[in-house]
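Please work through the exercises below with the sequence and the model side by side, and try each task before reading its solution.

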Amino acid sequence: MPVLIVAAYDEQGIPNAMNAAWGGMFTDETVGICLAAEHKTTKNILASRAFTVSMATVDQVAACDYVGIVSGNREPDKFAKAGFHATRSEHVNAPLIDELPMTLECELLSYDPESCHLVGRIVNVSADERVLTDGRIDLRKLRPITYDPVRLEYVELGDTVGKAFSCGKELK
């Protein structure tokens with residue numbers, strides 16, 4: 001499962017972030033994530049109506065794990081203690097995490113507290129130059145991690161195993 005770092009500002013403009021593995025692209029223009037209502041980040045999103053979703057990376061695995069195991073309801077300096085620095089998005093009222101080089105900037109579309117399903121419209125995708133090749137995000141440079149819920153491990157995405165929409169043609 002992808003390791004997503006979801007961030008939002010509180011009413012005082014203080015950033016908070018959490019680790020969320022239950023989510024991903026919902027449609028071409030939306031992202032869907034399962035976030036429990038009691039999370040500080042969820043409360044912030046509901047108040048601000050905006051959030052960012054960054055891919056966790058190999059280089060930031062400890063900080064990304066930290067924001068998943070520490071509650072923003074109990075640790076007000078959680079974002080800073082993770083070693084994260086925020087830059088305000090130019091597109092939505094939410095923080096970009098400087099240390100995470102790829103981010104979806106989103107407006108809240110809906111939240112169902114019963115199912116914990118949050119949907120956001122992707123307003124912008126930002127990517128640091130250091131993870132681009134020929135103007136496109138390069139996963140080998142981004143080095144995103146996934147979560148293995150069976151072994152409780154973070155795993156770096158690996159090598160290419162086939163060309164999409166092509167390698168299956170040999171079975172036709």
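This is a predicted model: local features need pLDDT of at least 70, side-chain atom pairs count only at pLDDT 80 or more; totals for chains, interfaces and linings use all residues.

Residues are numbered from 1 along each chain as its sequence is written, and side-chain values use heavy atoms, with hydrogens and water left out.

**Exercise 1. The whole chain**

Task: Describe the protein chain by its helices and strands, its radius of gyration and its buried residues.

Solution: Begin with the elements, which are DSSP runs numbered from the N terminus (helices are H or I with at least four residues, strands are E with at least two); the protein chain has four helices and 13 strands. Next, take the radius of gyration over C-alpha atoms and apply the globule rule, 2.2 Å times the number of residues to the power 0.38. For 172 residues a compact globule would have a value near 16 Å, and the protein chain agrees because its value is 16 Å. The C-alpha trace spans about 55 × 35 × 30 Å along its principal axes. Finally, with buried meaning under 20% relative accessible area, exposed over 50% and partly exposed in between (1.4 Å probe, protein chains only), buried residues make up 43% of the 172 residues.

**Exercise 2. Strand β5**

Task: Find which strands pair with β5, and decide whether its faces are covered or open.

Solution: Two strands pair if DSSP finds at least two bridges between them. Strand β1 (residues 4-9) runs antiparallel to β5 and is joined to it by four bridges, with Thr-52 as the bridge partner of Ala-7. Strand β8 (residues 102-112) also pairs with β5 in the antiparallel sense, over five bridges, and here Cys-106 is the bridge partner of Phe-51. As for cover, six of the six residues of β5 (residues 50-55) are buried. Ala-50, Thr-52 and Ser-54 lie on one side, Phe-51, Val-53 and Met-55 lie on the other, and both faces are covered.

**Exercise 3. A loop residue**

Task: Place Thr-57 in the chain, and list what it touches beyond its neighbours in sequence.

Solution: Thr-57 belongs to the loop between β5 and α2 (61-69), and its relative accessible area of 3% means that it is buried. Contact means heavy atoms within 4.5 Å; leaving aside neighbours within four places in sequence, Thr-57 is in contact with Cys-64, Leu-100, Pro-101, Leu-142, Arg-143, Pro-144 and Ile-145. Thr-57 and Lys-141 are 84 residues apart in sequence, yet their C-alpha atoms are 9.8 Å apart in space.

**Exercise 4. Aromatic rings**

Task: Classify the pair formed by the rings of Tyr-147 and Tyr-154, and then examine the ring of Tyr-9.

Solution: Rings of Phe, Tyr and Trp (its six-membered ring) pair if their centres lie within 6.5 Å, and planes under 30 degrees apart count as stacked, over 60 as edge-to-face and the rest as tilted. The structure holds two aromatic pairs. For Tyr-147 and Tyr-154 the ring centres are 6.1 Å apart and the planes are at 55 degrees, so this pair is tilted. Tyr-147 is partly exposed at 22% relative accessible area, and Tyr-154 is partly exposed at 30%. A charge sits over a ring if NZ of Lys or CZ of Arg is within 6 Å of the ring centre and within 35 degrees of the ring normal; the charged end of Arg-88 sits over the ring of Tyr-9, 4.2 Å from its centre.
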